[in-house]
Amino acid sequence: MFQLDENYTGVSEFFIVGFPSLQPEYFAVVAWFFFFIYVTTVVGNLLLVVVFALEQSLQKPMYIIMVSLALSDVGFATVALPKLIARYWWNDGRLAFHTCLFQRHMIHYFGSLNSLILWTMALDRYLAICFPLRYPTLMTNQTMTGLTLFSWVVAHVFPGINTVNFSRMMFCGSNQIMSAFCDTMSFTPLVCGELQVRFCSFYPNAGRMKTFSTCATQGCIIFIYYIPRFFVYSTPFFPNLTMTPDKRIATTLFYSILPPLINPFIYCLRTKEIKQILRHWWLKSK
């Protein structure tokens, strides 16, 4: 695929740079900021999982997919944020080659998984709104569980293909990851020689979601999740469209971290049943 120079020196580890223009005096503030986001994301989403596990009345198709989304959000935040926090808290941005490759795979895996979950959620709402009488037979707990497990397995396919391809590549020169975490866009420029194969991460087309969904909150999440992503991934293909590393990293963090942070509040805490259960727990504790 490309020619290698004899003087190339392989890279055994990478370093997460984060925001290149950020001054050291702001590192602690940024670390605390991302730590707060991480804790809030994990606690908020795990609260939903606990409520679902303890309340028999919530074990319905709609809540099964919500729990799946919550677990996916916790997984993504756990893969992406701890190393970024360590980078700014202790200046520890080093990652071994295979660790960085694994993080790249999981970043794109959870991205693909969230897309499939959003599609399943839109399908569930479409059936509930358009076929209310047939909905109980069309979308059972078993059907939703099957769709959920299918999503969690299939989401590995395309990121896995790219991971295998990258594992066969030689990396040389700079070992600096100009991003908040290891991903395809930060990995590709570090490959030795002229890369003849373009790698692209798979994210199922969400164009039909808005047709199926009449929920404004879900439309908001779709907008946040896909529109900024489109600009980040399309920039290399449009010479007149430029984006500085800091802006690209900020945009990437926006569409990657904001949805997991606000999903518990948008999808769950606004749900009448969950609010009643939490209110009952609160009054019972008092």
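Q: Which conventions apply to the model and its numbering?
A: The model is predicted, so local features need pLDDT of at least 70, side-chain atom pairs count only at pLDDT 80 or more, and totals for chains, interfaces and linings use all residues. Residues are numbered from 1 along each chain as its sequence is written, and side-chain values use heavy atoms, with hydrogens and water left out.

Q: Which strands form the sheet, and in what order?
A: Strands (E, at least two residues) and helices (H or I, at least four) are DSSP runs numbered from the N terminus; two strands pair if DSSP finds at least two bridges between them. Here three strands form an open sheet in the order E2-E1-E3, with mixed pairing. Strand E2 (94-96) and E3 are the edge strands, each pairing on one side only. Strand E1 (residues 13-16) runs antiparallel to E2, and three bridges join them. Phe-15 has Arg-94 in E2 as its bridge partner.

Q: Which residues have the most contacts inside the largest nonpolar core?
A: In soluble globular proteins, nonpolar side chains tend to be buried together. A nonpolar core is a set of buried Ala, Val, Leu, Ile, Met, Phe, Trp, Tyr and Cys residues joined through side-chain atoms within 4.5 Å; buried means under 20% relative accessible area, exposed over 50%, and partly exposed in between (1.4 Å probe, protein chains only). The largest core has 50 residues, and those with the most contacts inside it are Phe-34, Leu-58, Leu-81, Leu-84, Tyr-88, Phe-110 and Leu-253. Among the helices that each supply at least two of its residues are helix H1 (27-54) and helix H2 (61-89). The largest share, 15 residues, comes from H2.

Q: Is Tyr-63 buried or exposed?
A: Tyr-63 counts as buried because its relative accessibility is 2%. Tyr-63 is found in helix H2. Contact means heavy atoms within 4.5 Å; leaving aside neighbours within four places in sequence, Tyr-63 is in contact with Phe-52, Leu-58, Thr-271, Glu-273 and Ile-274.

Q: How far from Asp-183 is the nearest side chain of opposite charge?
A: Lys and Arg count as positive, Asp and Glu as negative, and His and the chain ends are not counted. A salt bridge is a side-chain nitrogen of Lys or Arg within 4 Å of a carboxyl oxygen of Asp or Glu. Asp-183 is buried yet has no salt bridge: the nearest side chain of opposite charge, Arg-248, is 5.0 Å away. Asp-183 is found in the loop between strand E3 (176-177) and helix H7 (184-187). Leaving aside neighbours within four places in sequence, Asp-183 is in contact with Arg-104 and His-108.
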